[in-house]
Amino acid sequence: MDRVAADPASAVSETRQWDRLMEMAKLGAIPGDGVNRACLTELDRQARRLLIAWAEPLGLTPSVDVIGNLFLRMEGTEPALAPVLAGSHMDSQPNGGRFDGIWGVLAALEAVQAIREAGMATRRPIEIVAWTNEEGGRFAPGCMGSMAYTGYRPPDTWDAVTDTEGLTFGAELRRQLEAERDIPRRGLGVVDGATPSAYVEAHIEQGPRLEAEDLEIGVVTGIQGSRWFTVEIHGRSDHAGTTPLRLRKDAVQDMLRAIAALNALMHDPEDVLRFTVARIEISPNSSNSVAERARFSIDFRHPDRTVLAERGDAIERVVKGALTTCSATVTERFNADPITFDRLVRDAVEKAARAQGLGTLRLPSGAFHDAQFLARVCPSGMIFVPSRGGVSHHPSEYTSPAHLAAGARVLAGVLADLADR
Ligand code: GLV
Ligand code: MN
Ligand code: MN
């Protein structure tokens, strides 16, 4: 193969990439053009098999690690060099769209195929990766695959985490590894001594800025920090018709007080802080029984680590201080520091976009991504493409085939560049 050849970006196919995305979107399709493909489900496994079926004819070799991260490797001319890693996730939100995550994996496939078709071979291997459970919609928190890969948390950390059916992450992961026992097993990334030379993740913006400024490519500067908590309020179940209010320990009423107090704690006149309560479970969940237990999720984000530390650390005190008759436990489930991406990848993205004549915008990410954890171990970065109306985590999420092709062309240029250094 010709090492000096051709421009891989020109070998990117807009229709091939779009057709693959639409094929993937059939797996877990929901009304309104959406996708519900939770991690470690049969649909997730079908999507992974489809990806492998597209990759193997291109000469890519699949492998899976102990937490289920899936890799497809294109060999380099110097196979002993650390690979460049590119990908994202294939799981979706329960009421998700067709692009969040899966596009980053398929863009990496398109980019690698384009490099091949341009007649290029890179010095370093390029590995496409699909991280396990980025979304955290079925098993909280998200980013389990990348946290384990980078050694941020041991891979058995979440074994006992349950989904709404009571199935555990550990058991569901074992089931998946068993179903994929024909795929070669590999070590666990950084934990087992294999650190990539760089990581690049292509993703839809999930916000309105690129569209508003009519620009094609977001050069992501960093990611704000996130902390997730589960609050459980313990009261007592009683008869709704006979128990005087003054004798009750009503978990729902104290939950409402706790949420009101948290809204005051999280008040931010600048509207930079993000505070979300979106998952509530009540027990026994019966109209005429006083609630014995109320559990709710907290998703709290901010770009400033001091704000994240101070207000996040105050949550338990504020919740407990708001209760009148019940008690509470507060458990932290996720803590991702704000990060700034390395210049190496940011510059490579800008250079590749310029070479394509594409307009760029430097912007931070409000969403978390696996790149947040990779950034701790190797130069990492992200490429954003516009999201129509800024909508994401919703079936109507949309990015045009042309914008996705532009993103894949930039990714191809970046990978060809980084894998040849
Ligand atoms: C990722 O999906 C996030 O919630 O930011
Ligand atoms: Mn995503
Ligand atoms: Mn998402």
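Residues are numbered from 1 along each chain as its sequence is written, and chains are lettered from A and ligands numbered from 1 in the order in which they are written. In this predicted model, local features need pLDDT of at least 70, side-chain atom pairs count only at pLDDT 80 or more, and totals for chains, interfaces and linings use all residues, while side-chain values use heavy atoms, with hydrogens and water left out.

Ligand 1 is surrounded by Glu-134, Glu-135, Arg-301, Ala-367, Phe-368 and His-393, a residue being near a molecule if one of its heavy atoms lies within 4 Å of it. This shell divides into two nonpolar, one polar and three charged residues. In this classification Ala, Val, Leu, Ile, Met, Phe, Trp, Tyr, Cys and Pro count as nonpolar, Asp, Glu, Lys and Arg as charged, and the others, Gly among them, as polar. A backbone N or O atom of Phe-368 lies 2.8 Å from an oxygen atom of ligand 1. For the side chain of Glu-135, the distance from an N or O atom to a ligand oxygen atom is 3.0 Å, and for that of His-393 it is 3.2 Å. Ligand 1 taken alone exposes 190 Å², of which the protein buries 92%; these accessible areas come from the Shrake-Rupley method with a 1.4 Å probe.

A cavity is a set of points where a 1.4 Å probe fits but cannot get out, and a pocket is an open set with protein on both sides within 12 Å along at least five of seven lines; lining residues have an atom within 4 Å of a point. Grid points are joined across faces, edges and corners, and a volume is the space filled by probe spheres set on the points. The whole structure contains one cavity of 30 Å³ or more. The largest cavity holds about 50 Å³ of space, and its lining includes Leu-40, Asp-44, Trp-131 and Asn-133. Two or more lining residues come from each of α2 (42–55) and β6 (126–131), helices (H or I, at least four residues) and strands (E, at least two) being DSSP runs numbered from the N terminus. By class, four lining residues are nonpolar, three polar and three charged.

The second largest pocket has a volume of about 200 Å³. Of its 14 lining residues, Asp-7, Pro-8, Ala-352, Ala-355 and Gly-413 lie nearest the centre. Helix α11 gives the most to this lining, with six residues. The lining comprises eight nonpolar, two polar and four charged residues.

Arg-227 is found in strand β9 (residues 225–234) and is buried (under 20% relative accessible area, 1.4 Å probe, protein chains only), at 5%. Its side chain makes polar contacts with the side chains of Asp-313 (2.9 Å) and Glu-332 (2.8 Å). A polar contact is a pair of N or O atoms within 3.5 Å; within protein, one must be able to donate a hydrogen and the other to accept it, and residues adjacent in sequence count only if both atoms are side-chain atoms.

The loop between β6 and α4 (144–149) contains Pro-141, whose peptide bond from Ala-140 is cis, with omega near 5°. Asn-133, in that loop, has a positive phi of about 45° and is buried at 2% relative accessibility. Cys-143, also in the loop between β6 and α4, has a positive phi near 60° and is buried at 0%.

Conventions
Buried < 20%, exposed > 50% of the residue type's maximum accessible area, 1.4 Å probe, protein only.
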